[in-house]
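The report below works through a single protein chain, beginning with the confidence of the model and ending with two individual residues. Please keep the sequence and the coordinates at hand while reading.

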Amino acid sequence: MKILTPPASPALFALGFFLCLSGAARAETPGSLADLAFLEGHWRGGDEFIFEETWNAAEGGVMTGMARGVSAGELRVLEYIVVSEEKDSVVMRFKHFNRDYSTWEESDPIVLTLTKANENDVTFSADPPSQEVKSVRYFLTGEDTLQADVVLVENGEESGFTLMFERAD
């Protein structure tokens, strides 16, 4: 067991104690909508399975995105994404839709929170992980190339996939 000893100076000890109580020493929740600006625009990728994402610039504390997946000339999935700044976090919510606007999810949308934000690289994670999605990471691999890594959870087992996009606008 590790035993902590207070600083030799009572003033330093009091300052550290105050900072801990005030929350000033706690790590801030990473990021803001500004960190997602690199996503703005139209992205397209795939050969046999074409996947597109279109992201609108953040406005009014919200950024929206739309995704479409097509294979063999048939729509496979539509997705509507809302990312919003809420209190001390950035939250992503999304649902998957069929062509008749029925949803894959039976009730609420999938909810992820921004857990990592670096230049042109963001990760959203579920806490606790949902039954469907554990995390989504978007990052630029080049000036006009985007990668999305999706980690899924099904029956307690993790799997996932990667989507590679090129800027299409």
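This is a predicted model: local features need pLDDT of at least 70, side-chain atom pairs count only at pLDDT 80 or more; totals for chains, interfaces and linings use all residues.

Residues are numbered from 1 along each chain as its sequence is written, and side-chain values use heavy atoms, with hydrogens and water left out.

Averaged over the protein, the pLDDT is 84, and 81% of the residues score at least 70. Among the elements, helix α1 (residues 10-22) has the lowest mean pLDDT, 36, while the highest, 98, belongs to strand β1 (residues 41-45). Helices (H or I, at least four residues) and strands (E, at least two) are DSSP runs numbered from the N terminus.

**Overall architecture**

The protein contains one helix and 10 strands, and along the sequence these elements follow the pattern α-β-β-β-β-β-β-β-β-β-β. The 10 strands form a closed barrel in the order β1-β2-β3-β4-β5-β6-β7-β8-β9-β10, with antiparallel pairing. The twist from one strand to the next averages 25°, where axes are lines fitted to C-alpha atoms, for helices over the stretch in contact, and angles run from 0 to 180 degrees between N-to-C directions. Two strands are taken to pair if DSSP finds at least two bridges between them. The table lists three of these pairings.

| Strand pair | Sense | Bridges | Residues facing each other |
|---|---|---|---|
| β1 and β10 | antiparallel | two bridges | R44 and E166 |
| β7 and β8 | antiparallel | five bridges | T123 and R137 |
| β9 and β10 | antiparallel | 10 bridges | V151 and G160 |

The hairpin of β9 and β10 has two residues between the strands, and within this hairpin N155 takes a positive phi near 55°.

Of the 169 residues, 31% count as buried, that is, they have under 20% relative accessible area, with exposed meaning over 50% and partly exposed lying in between (1.4 Å probe, protein chains only). The protein exposes about 10,800 Å², of which carbon and sulfur atoms supply 53%. Among contacts with a separation of 6 or more, residues 24 or more positions apart account for 29%.

D149 is placed in strand β9 (residues 145-154). Its side chain makes polar contacts with the side chains of Q147, at 2.8 Å, and T162, at 2.9 Å; such a contact is a pair of N or O atoms within 3.5 Å, of which, within protein, one must be able to donate a hydrogen and the other to accept it, and residues adjacent in sequence count only if both atoms are side-chain atoms. Leaving aside residues up to four places away in sequence, D149 touches S135, V136, R137, F139, F161 and T162. The C-alpha atoms of D149 and Y138 are separated by 6.7 Å, with the two residues 11 apart along the chain.

T64 lies in strand β3 (residues 62-71). Is T64 buried or exposed? T64 is buried, because its relative accessible area is 17%. Beyond four places in sequence, T64 touches T54, W55, N56, Y80, I81 and V82. From T64 to S84, 20 residues apart in sequence, the C-alpha to C-alpha distance is 8.6 Å.

Definitions and conventions
Contact means heavy atoms within 4.5 Å. pLDDT is the predictor's confidence in each residue, from 0 to 100. Accessible areas come from the Shrake-Rupley method with a 1.4 Å probe; for residues, only the protein chains shown count as cover.
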